[in-house]
Amino acid sequence: VQSLASGKPAVAFNLDGTPEVLINGKTGYTTAPHEINKITNKLIALLLDKNLREEMGKNGRELVKHKFDWKTMINALELEYYSALGPGFAK
């Protein structure tokens, strides 16, 4: 999220919540775990293509701005905390 918020595309393994943020071919690239050659090839592709980097960076920044803005994240964390405290602490 931090990379995309900075306007930088990313390359990562397709694990956990990564696909929610890193949209393959739009905000960066994902590969299956242990696909080192694919990770390497995607990184090289980004290094060699400034227009692609800028476009994916712009897409990533927009995604983060709308989906992970600070108000949304604060509300989600607050709900998690109240949920963890139990029913007697509901907001």
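User: In which helix does Ile44 lie?
Analyst: The structure shown is a predicted model. Residues 36-48 form one of its helices, and Ile44 lies within that run. The helix asked for is α3.

User: Is Ile44 buried, partly exposed or exposed?
Analyst: A residue counts as buried under 20% relative accessible area and as exposed over 50%, with partly exposed in between. Ile44 has a relative accessibility of 40%, and therefore Ile44 counts as partly exposed.

User: About how much accessible area does the nonpolar patch with Ile44 have?
Analyst: Ile44 forms this surface patch with Leu47 and Leu48. Together, the accessible area of these residues is about 350 Å².

User: In which sense do strands β1 and β2 pair?
Analyst: Strand β1 covers residues 10-13, and strand β2 covers residues 28-31. Four bridges join the two strands, and their sense is parallel.

User: Which residue of β2 is the bridge partner of Phe13?
Analyst: Phe13 is among the residues that Thr31 touches, as are Ala12, Asn14, Lys38 and Ile39. Thr31 has its place in strand β2. The bridge partner of Phe13 in β2 is Thr31.

User: Is Thr31 buried or exposed?
Analyst: On one side of β2 lie Tyr29 and Thr31, with Gly28 and Thr30 on the other, and both faces of the strand are covered. The relative accessible area of Thr31 is 6%, so Thr31 is buried.

User: How far apart are the end C-alpha atoms of helix α5?
Analyst: Helix α5 has 16 residues, 70-85. At 1.5 Å a residue, the helix should span 22 Å. The distance in the model agrees with this, the end C-alpha atoms being apart by 23 Å.

Notes. Residues numbered from 1 in each chain as written. Predicted model: local features only at pLDDT ≥ 70, side-chain atom pairs only at ≥ 80, totals over all residues. Heavy atoms only, no water. Patch = residues over 30% accessible without salt bridge, like charges linked within 9 Å, V, L, I, M, F, W, Y side chains within 5 Å. Areas by Shrake-Rupley, 256 points an atom, 1.4 Å probe, with all protein chains shown as cover. Salt bridge = Lys/Arg side-chain N within 4 Å of Asp/Glu carboxyl O. Buried < 20%, exposed > 50% of the residue type's maximum accessible area, 1.4 Å probe, protein only. Pairing = 2+ DSSP bridges. Expected span 1.5 Å × (residues − 1). Contact = heavy atoms within 4.5 Å. Lists of a residue's contacts leave out its neighbours within four places in sequence.
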